[in-house]
Amino acid sequence: MTESAERVAVACPSCSPSLETVHEVLTTGGGHATIRCTDCGHTHKQQLESTTEYERDVVVSQDGESFTATADVPEGERLAVGEEFLLDTEEAIVTARITSLELDGEQRVEEASAEDVRTIWTRAVGNVSVDLTLHPKDGTHDETESLTVQVPGDYEFVVGETDELGGEEFTIEGIHIRDDAVGYDYDKLDFDGDGAIAKDINRLYARDESSSAWSAW
């Protein structure tokens, strides 16, 4: 057997039934491989886990722009909208959340196996931009201001609590949840104590605490 022969770690029924030893893979086929223990030389058949991986295109959206990378997905793995994974790109390692799965014929689905997926559409959720709608603290809604705040994806906003970000102080009054977020009973949160993390938020609605008139803007 040459040094380039495939080797696997499995229990040997002859010399080590309860501990893994190094085995050489002699032949494969029919769902089982013929392997030989390097400790005692015993040869036996063993079903080995598949190591087949599929290279898939990944489109990552971030702050209104997008870029394309590739990811290796193990055979048999099922992908679903809302799942997150680490994507290693030339520029950085990105935490990506699946927003859509594209099959042959440009068909879009929310769940599919690795074999069927052609393109994985995602958005970066490590650090995110959250849209914020502010109204004056005097309670009027005829004039509002739209802002965007930059926060870590796991930063939590809670209805009724006051935050100070980007030079602005505001109290959260409502949270609109993204379509790809999971674990929420409603897509709009507006009761005191309701909370969500930034990567799950589509838009925040808040009362401005820094001024009583928009002349300060």
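The structure is a predicted model, in which local features need pLDDT of at least 70 and side-chain atom pairs count only at pLDDT 80 or more, whereas totals for chains, interfaces and linings use all residues. Residues are numbered from 1 along each chain as its sequence is written, and side-chain values use heavy atoms, with hydrogens and water left out.

A pocket is here an open set of points, on a 1 Å grid over the protein atoms alone, where a 1.4 Å probe fits, with protein on both sides within 12 Å along at least five of seven lines; lining residues have an atom within 4 Å of a point. The second largest pocket has a volume of about 200 Å³, the volume being the space filled by probe spheres set on the points, which are joined across faces, edges and corners. Its lining comprises 14 residues, with D63, R123, V128, S129 and R178 nearest the centre. Two or more lining residues come from each of strand 5 (53-62), strand 12 (119-124) and strand 13 (127-135), strands being DSSP runs (E, at least two residues) numbered from the N terminus. Strand 13 gives the most, with 4 residues. By class, the lining has 3 nonpolar, 6 polar and 5 charged residues (Ala, Val, Leu, Ile, Met, Phe, Trp, Tyr, Cys and Pro count as nonpolar, Asp, Glu, Lys and Arg as charged, and the others, Gly among them, as polar).

A nonpolar core is a set of buried Ala, Val, Leu, Ile, Met, Phe, Trp, Tyr and Cys residues joined through side-chain atoms within 4.5 Å, where buried means under 20% relative accessible area (1.4 Å probe, protein chains only). The largest such core has 22 residues, and V130, L132, F157, F170, I172, I175 and L204 have the most contacts inside it. At least two of its residues are supplied by each of strand 13, strand 14 (145-152), strand 17 (168-177) and strand 20 (201-208). A second, separate core of 17 residues includes L79, I98, L103 and V109. Leaving aside neighbours within four places in sequence, F157 is in contact (heavy atoms within 4.5 Å) with residues including V151, D163, L165 and A196.

Conventions. Buried means under 20% relative accessible area, exposed over 50%, partly exposed in between (1.4 Å probe, protein chains only).
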